[in-house]
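Welcome! Take a moment to look over the model below, and then let us walk through it together.

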Amino acid sequence: MNPVLQAIRDRRSIRGYTPEPLQPEQLEKILQAALEAPSARNTQPWHFSAVTNQALLDEFDADFHEITRATRDLKDSYHLFFHAPAVVFLSTPEQAPTSFSQIDCGIAVENMALAAQSLGLGSVILGMPKDVFLSPRGEYYRRKMDFPEGYQFAIAIALGNPATTKDAHPIQEGLISYIR
């Protein structure tokens, strides 16, 4: 099978990682794949903050639990980043150059997930960090993660060597229409 189609077929949302750090060249290849993603009018409306500082990720996770305690039923053992050794946070300008910046970031993060898969790594795409960035602690994390001035959180991806796996999700019927 074509290697791109195989990577798409094999990729899973991994929710458990070994503590082994990513090699710098692995992270660079994944970030390069993100930079090569298409964007509306080639505006490239993104910034990538690659975080490998586990203390910062654990602090973020603790704040996530505190902020969402009343609205989410999460076990204390739940870790927002599943103990991944690297998390990349994508941010985009609050005053984006087009109305498609969130979609563009989604395309870039999928490129990262497929690049990770092609390198034998696992990934999971994350939207829930948004709760923390919208909280009173949001500005603190925007600074710690070096978001450019005027940028907001778009999406994140946890990356690492998988400690778990799962079966492919079932594909629902009736999701495609052919108009000829």
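This is a predicted model: local features need pLDDT of at least 70, side-chain atom pairs count only at pLDDT 80 or more; totals for chains, interfaces and linings use all residues.

## Charged pairs and the chain around them

What does Glu59 form a salt bridge with? The partner is Arg137, and the closest N and O atoms of the two are 3.0 Å apart. This pair links distant parts of the chain: Glu59 sits in helix α3 (residues 54–68), while Arg137 is in the loop between α5 (130–133) and α6 (138–144), 78 residues apart. Arg137 has a relative accessibility of 31%, so this residue counts as partly exposed too.

Side chains of opposite charge can pair when their charged atoms come close.

| Salt bridge | N to O distance |
|---|---|
| Glu59 and Arg137 | 3.0 Å |
| Glu66 and Arg69 | 2.9 Å |
| Arg142 and Glu139 | 3.2 Å |

Arg142 and Glu139 are three residues apart in helix α6, about one turn of the helix. Through shared partners, salt bridges join Glu59, Asp63 and Arg137 into one network. Glu139 has a relative accessible area of 37% and is therefore partly exposed, whereas Glu66 and Arg69 are both exposed.

Now for a residue away from the surface. Thr98 lies in the loop between β2 (86–93) and α4 (101–118). Is Thr98 buried or exposed? Its relative accessibility is 9%, so Thr98 counts as buried. The side chain of Thr98 reaches the backbone nitrogen of Phe100 at 3.1 Å. Leaving aside residues up to four places away in sequence, Thr98 touches Ala40, Arg41, Thr43 and Asp104.

At the surface, Met1, Val4, Leu5 and Ile8 form a nonpolar patch with about 410 Å² of accessible area together. Val4 belongs to helix α1 (residues 3–10) and, at 52% relative accessibility, counts as exposed.

Finally, here is the whole chain. The protein chain has six helices and four strands, which run α-α-β-α-β-α-β-α-α-β from the N terminus on. The C-alpha atoms fill a box of roughly 50 × 40 × 35 Å along the principal axes. A compact globule of 180 residues would have a radius of gyration near 16 Å, and the 17 Å of this chain agrees with that. Of the 180 residues, 44% count as buried. The chain exposes about 10,600 Å², with carbon and sulfur atoms supplying 52% of it.

Technical notes
Residues are numbered from 1 along each chain as its sequence is written. Side-chain values use heavy atoms; hydrogens and water are left out. Patches are made of residues with over 30% relative accessible area and no salt bridge: like charges are joined within 9 Å, nonpolar side chains (Val, Leu, Ile, Met, Phe, Trp, Tyr) within 5 Å. Accessible areas come from the Shrake-Rupley method with a 1.4 Å probe; for residues, only the protein chains shown count as cover. A salt bridge is a side-chain nitrogen of Lys or Arg within 4 Å of a carboxyl oxygen of Asp or Glu. Helices (H or I, at least four residues) and strands (E, at least two) are DSSP runs, numbered from the N terminus. Buried means under 20% relative accessible area, exposed over 50%, partly exposed in between (1.4 Å probe, protein chains only). The radius of gyration is taken over C-alpha atoms; the globule rule is 2.2 Å times the number of residues to the power 0.38. A polar contact is a pair of N or O atoms within 3.5 Å; within protein, one must be able to donate a hydrogen and the other to accept it, and residues adjacent in sequence count only if both atoms are side-chain atoms. Contact means heavy atoms within 4.5 Å.
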